[in-house]
Every structure is written in structure tokens, then in C-alpha cells.
2 protein chains.
Amino acid sequence: MQNFKEILDKSTLKATPQRLAILKELESNGHSNIDEIYENVKAIFPSISLATIYKNIISLKEENIITEVCHPKKNKYEVKKEPHAHFICRKCGEVEDIDLDNALTDELIQNYPNSTKELYIYGLCDKCS
Amino acid sequence: MQNFKEILDKSTLKATPQRLAILKELESNGHSNIDEIYENVKAIFPSISLATIYKNIISLKEENIITEVCHPKKNKYEVKKEPHAHFICRKCGEVEDIDLDNALTDELIQNYPNSTKELYIYGLCDKCS
DNA sequence: TTCTGTGCAAATCTTTTGCATGGCA
DNA sequence: TGCCATGCAAAAGATTTGCACAGAA
């Protein structure tokens, strides 16, 4: 479990309880969309508003604390970590992290010097195929 | 230039002038989002409505005539063609097609047997980097 | 005639904005 | 006091739906 308070203290953003809850939700869920964040954080802060979620997602993105995962159904967000790939299921929308540690992907990405090392592969997950 | 009338005739959809114009727009533009399609088709059919664009995009997707390109800013659409990769600029949003003909990508995709051979690489395009 | 597709308007959903309030340095 | 950040409500934007009409088989 990461120390989000410390991460926020180093940024321009204050470590409010709501922000910490959003980050905790992303960490435990892996990838969540706005609704999922809202529902799960609401369980802890019943008074939180959707607008707060949206505003925080924008500022956490700007501060490079979270990353947007482009998603065919609904964009998702994740706590920033090592560059890695995503496998996204075209049917159920499930997102799976893929390690980028093999020679193959390294080499592929070498061909795109300006790439941010974000690779996405679409297909069907085990359940849906 | 593809024969879209023929393609539509083979599907369950009729080859209406509006549909043909949407496909022609996608073909000439490469990748367009809803607004771009609307604006450009409107130049030819001033009476076309946004609802018609939306409805057609849905049915053309269902018939596998077009493909949705997941895009951080606005989803784009393209006429279906050989499986290929996309390079998407995180800054300006430009989409660039990448051929999937090299051994590297072939091999990468072999590792994901259920992949639809859709690969996305994010980064900065030449202009933005 | 029948069926599908179109275009308008309304409805719904999603996201953003403005503003008053509250908490913390 | 002076900032941010929050939460509400309203506004703005995007997408979907219902319906009447038009056009092709």
C-alpha cells in the first residue's frame, strides 16, 4: 500500500480525505471509471459529490499521480506506476495489466522513440472468448 | 476508393446516400470523430441530423463495416481494414496507422491468442514532441 | 403496402462551471 | 485572514429515444 499522503504532499495538491479515498479506491481496484470511484468512495464519504470526483481526477492527472486508461466503454483511471501494457476486452471491457519486461515489447517500443511506453492490446478476455 | 454500395448491399443495411457519405468521409479522412463526420457530411447533405450520424455509426459497427478507434479525447471511427496498429498522440490526439507486418508485432500478438490484432501505442507525434 | 431510414424534438446521461461554505495554515 | 477544496445546483455537452414522414423494394 502506497503512501498517498506523502505523494500528495510533494505535489501542489492537499492531502484531503476525499483525495486519499479516491487514490485508495484506484489502488485497490486497479482500474476504475468515474462511476465506480463515485460509488465506492461514497460508501466511505456519503456526502461526496460527483463534481468532486471529476475535479480531483483532473488535478490528479495534471500532477501525474494517476493515468487515464483509454477504454472503449468508459475511460478508467489508475495510480501511476511503471510503464506497462493493457489488455482490454472488447466484450466485457475488463482491463488486465501486462508487464512490459520482455525483449519483444522493449524492442517494439524502441521503434517509437516518442512513445510513452503505453501499449494497448485489444481482444477477448478468457471469460469472453 | 472502395465500393461501399457493394459492401452495404452484402450487409443487412441499405445503401442510403447518407450512409455512403459517412463511409466516404471516413475513407478520405482516415479517422474521424462524430463531430468531424457530422460537419463534413453536412456539407453534402445540409439536412442530415446528428441523430442519423449516431444511429448509423452504431449499425455500421454492428455490421463490422467500421471500427471504433479508442481515443483519449473523442472516439474515432475508421473503415474496417486489415488489422493494424495505431499510434495516438497524447497531446494533439492525432492518430497514425502503423502496419503490423513486421516479425516483432506478429510475435507479440502471438502471445495473445484472443487478441483482435489491435495494438495501440501512445506517445507524442513528431509535431508535438 | 411494407419496411427501413431519416430528421426533428425531447429525454437522458455525462461532464463542467459558478458559487457559497468550511477547514486549515 | 487567505487559500484551497468541497458540495450543491445549474449549465453545457454528448448520446439516445420516440415518433411521424419519406422513399425504395
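Because the model is predicted, local features are reported at pLDDT of at least 70 and side-chain atom pairs at pLDDT 80 or more, whereas totals for chains, interfaces and linings use all residues; side-chain values rest on heavy atoms, with hydrogens and water left out. Residues are numbered from 1 along each chain as its sequence is written, and chains are lettered from A and ligands numbered from 1 in the order in which they are written.

Chain A contains five helices and six strands, where helices (H or I, at least four residues) and strands (E, at least two) are DSSP runs numbered from the N terminus. Read from the N terminus, the order of these elements in chain A is α-α-β-α-α-β-β-β-β-α-β. The C-alpha trace of chain A spans about 45 × 35 × 25 Å along its principal axes, and 46% of the 129 residues of chain A count as buried, a class defined by a relative accessible area under 20%, with exposed meaning over 50% and partly exposed lying in between (1.4 Å probe, protein chains only). Of the contacts in chain A (heavy atoms within 4.5 Å) that involve residues at least 6 apart in sequence, 47% join residues at least 24 apart.

Helix H4 of chain A, residues 50-62, comprises 13 residues and reaches 19 Å from its first C-alpha to its last, close to the expected 18 Å, the expected span being 1.5 Å times one less than the number of residues. Buried positions in H4(A) are Ile53(A), Asn56(A), Ile57(A), Ser59(A) and Leu60(A). In an α-helix there are 3.6 residues a turn, so residues three or four places apart point the same way. The elements of chain A against which the buried residues of H4(A) pack are helix H1 (4-10), helix H2 (17-29), helix H3 (34-42), strand E2 (66-69) and strand E3 (76-79). In chain B, helix H4 includes Glu62(B), which counts as exposed because its relative accessibility is 61%; the C-alpha atoms of Glu62(B) and Gln18(B) are separated by 17 Å, although these residues are 44 residues apart along the chain.

Following H4(A) is Asn64(A), with a positive phi near 60 degrees, and this residue lies in the loop between H4 and E2 of chain A. Most residues other than glycine have a negative phi. Asn64(A) is partly exposed, with a relative accessible area of 45%. In chain B, Asn64(B) likewise has a positive phi, near 60 degrees, lies in the loop between H4 and E2, and counts as partly exposed at 46% relative accessibility.

Helix H2 of chain B, residues 17-29, has 13 residues and extends 18 Å from its first C-alpha to its last, close to the 18 Å expected at 1.5 Å a residue. Its buried residues are Arg19(B), Ala21(B), Ile22(B), Leu23(B), Glu25(B) and Leu26(B), and the elements of chain B that cover them include helix H1 (4-10), strand E1 (32-33), helix H3 (34-42), helix H4 (50-62), strand E2 (66-69) and strand E3 (76-79). After H2(B) comes Gly30(B), whose phi is positive, near 90 degrees.

Two salt bridges are counted between chain B and chain A, each defined by a side-chain nitrogen of Lys or Arg within 4 Å of a carboxyl oxygen of Asp or Glu. The side chains of Glu118(B) and Arg90(A) meet in a salt bridge at 2.4 Å, N to O.
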